[in-house]
Amino acid sequence: MRRRLDTPLQLLGPAAVVIAVGVVSNFASRSNEIYFLNALVAVSIVVATYVFIGNSGVLSFGQISFVAVGAFAAGVTTVPLESKTFVLPGLYPLLRDHTIGNLPSLLLAAAAGGLFALLVGLPLMRLSGLAAGIATFAVLEITHNVLREWERIGPGATTLSLVPETTGALQATVGALAVMAVAFAYQRSRFGRLLRASREDAAAARGVGVDIHRQRLWAFTLSGALAGLAGGLLVHLLGSITTEQVYLELTFLSLAMLVVGGVTSLWGAVLGALVVSALDSFLTEAEQGLSVGVSLDLPQGTRVVLLGAIMAVVLIVRPSGITGGRELRLP
């Protein structure tokens with residue numbers, strides 16, 4: 001009986017926590033609501049990252065490049081048509097002369113992220129260890145520079161603004177739940193089991209006929225599609241975005257969330273995203289001056305330093321994260 005309950009609990013438990021955050025955000029003040037919505041979007045980003053890193057055991061710095069592609073794809077295509085010719089005159093005519101709605105833009109963001117991941121994954125998924133980490137970091141650098149310099153597909157080095165702010169509590173919650181459901185379905189599937197087998201012992205997996213390159217490529221593509229969707233949610237939350245917002249700091253923050261929660265479990269990805277988001281929001285307020293019984297006025301940059309220190313402590317004291325890398329189960 002307990003085993004039969006454990007399987008649905010692995011999805012329903014994290015889903016209940018995410019729904020609770022979405023409900024609470026409706027009762028928060030406007031100034032605090034943004035922190036709850038950021039946490040829900042962070043869940044989508046971290047779970048998308050978990051789909052590849054957690055199941056394959058291969059470190060990738062490139063998942064945020066798919067978030068960036070999704071964000072700019074959704075943002076550019078939803079800027080109102082009457083404004084686009086003035087604020088983005090250099091776009092290709094196909095992008096400049098057409099505008100789509102909120103839901104199609106999210107689907108386009110997921111498709112763009114998945115297709116980009118498939119293209120770069122074909123050669124890169126043969127790599128492991130340090131080589132894979134360096135190669136995926138190169139993908140992040142290339143993506144950042146292309147989006148910053150190529151004004152035919154976006155605003156270039158300036159801010160992409162006038163994007164409809166459609167990611168409220170409902171869309172952020174449903175988006176996070178959708179990403180979690182896909183991640184859970186994948187890890188329970190035959191493909192997910194084969195990839196985790198290669199993570200535990202690549203030689204043994206190869207010996208029983210597992211095509212490791214193919215399995216990693218499927219996971220990388222799925223992770224890219226989910227990351228692209230998360231990027232669409234992000235740009236529709238912020239209403240404007242620059243290439244710097246989907247670059248090194250977000251890469252570091254999302255990896256910190258995954259490491260703190262537990263790299264090898266969906267529950268760890270969700271819990272790490274929410275815990276680190278809460279801490280990040282608190283430190284952001286403290287850098288601007290915060291009164292909590294005592295006055296806190298931390299120097300700028302303290303947030304990143306403390307988050308890095310916390311990640312280092314977790315790696316030393318509990319390398320498997322606060323969840324131990326295990327899914328949520330009944331006691």
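1. **Basis.** This is a predicted model, in which local features need pLDDT of at least 70 and side-chain atom pairs count only at pLDDT 80 or more, while totals for chains, interfaces and linings use all residues. Residues are numbered from 1 along each chain as its sequence is written, and side-chain values use heavy atoms, with hydrogens and water left out.

2. **Helix α12.** Helices are DSSP runs of H or I with at least four residues, numbered from the N terminus. α12 covers residues 248-261 and has 14 residues. From its first C-alpha to its last it reaches 20 Å, close to the 20 Å expected at 1.5 Å a residue. The expected span is 1.5 Å times one less than the number of residues. Gly-262 follows α12 and has a positive phi, near 135°.

3. **Burial of α12.** Buried means under 20% relative accessible area, exposed means over 50%, and partly exposed is in between (1.4 Å probe, protein chains only). In α12, 11 of the 14 residues are buried, so the helix is largely enclosed by the rest of the structure. Among them are Leu-250, Leu-253, Ser-254, Met-257 and Gly-261. The buried residues pack against α2, α3, α7 (129-149), α11 (212-238), α13 (266-287) and α14 (302-317). Contact here means heavy atoms within 4.5 Å.

4. **Helix α7.** α7 has 21 residues. It reaches 31 Å from first C-alpha to last, close to the 30 Å expected at 1.5 Å a residue. Its buried residues include Ala-132, Thr-136, Val-139, Leu-140, Thr-143 and Leu-147. An α-helix has 3.6 residues a turn, so residues three or four places apart point the same way. The buried residues of α7 pack against α3, α6 (102-124) and α12.

5. **Surface patch.** Ile-142 is also found in α7. Ile-142 is exposed, at 55% relative accessible area. Tyr-92, Ile-142, Val-146 and Trp-150 make a nonpolar surface patch of about 370 Å². Patches are built from residues with over 30% relative accessible area and no salt bridge; nonpolar side chains (Val, Leu, Ile, Met, Phe, Trp, Tyr) are joined within 5 Å, like charges within 9 Å. Accessible areas come from the Shrake-Rupley method with a 1.4 Å probe; for residues, only the protein chains shown count as cover.

6. **Ser-60.** Ser-60 sits in the loop between α2 (30-56) and α3 (63-78). Ser-60 is buried, with a relative accessible area of 2%. A polar atom of its side chain lies 3.2 Å from the backbone nitrogen of Gly-62. Beyond neighbours within four places in sequence, Ser-60 is in contact with Phe-52, Ile-53, Thr-136, Phe-220 and Leu-255.

7. **Asn-55.** Asn-55 lies in helix α2. Asn-55 is buried, at 1% relative accessibility. Its side chain reaches the backbone oxygen of Val-51 at 2.9 Å. Not counting residues up to four places away in sequence, Asn-55 touches Tyr-50, Tyr-186, Gln-187, Leu-195, Arg-196 and Arg-199. Asn-55 and Arg-199 are 144 residues apart in sequence, yet 7.0 Å apart C-alpha to C-alpha.

8. **Salt bridges.** The structure holds six salt bridges. A salt bridge is a side-chain nitrogen of Lys or Arg within 4 Å of a carboxyl oxygen of Asp or Glu. Side chains of opposite charge can pair when their charged atoms come close. Arg-199 pairs with Glu-200, with the closest N and O atoms 2.7 Å apart. Glu-200 is exposed at 58%, whereas Arg-199 is partly exposed at 25%. For Arg-96 and Asp-97 the closest N and O atoms are 3.1 Å apart. Arg-96 is partly exposed at 24%, and Asp-97 is partly exposed at 37%. For Arg-214 and Asp-211 the corresponding separation is 3.8 Å. Glu-249, Asp-280 and Arg-303 are linked in a salt-bridge network.

9. **Leu-162.** Leu-162 lies in the loop between α7 and α8 (169-188). Leu-162 is partly exposed, with a relative accessible area of 43%.

Definitions and conventions
Helices (H or I, at least four residues) and strands (E, at least two) are DSSP runs, numbered from the N terminus. A polar contact is a pair of N or O atoms within 3.5 Å; within protein, one must be able to donate a hydrogen and the other to accept it, and residues adjacent in sequence count only if both atoms are side-chain atoms.
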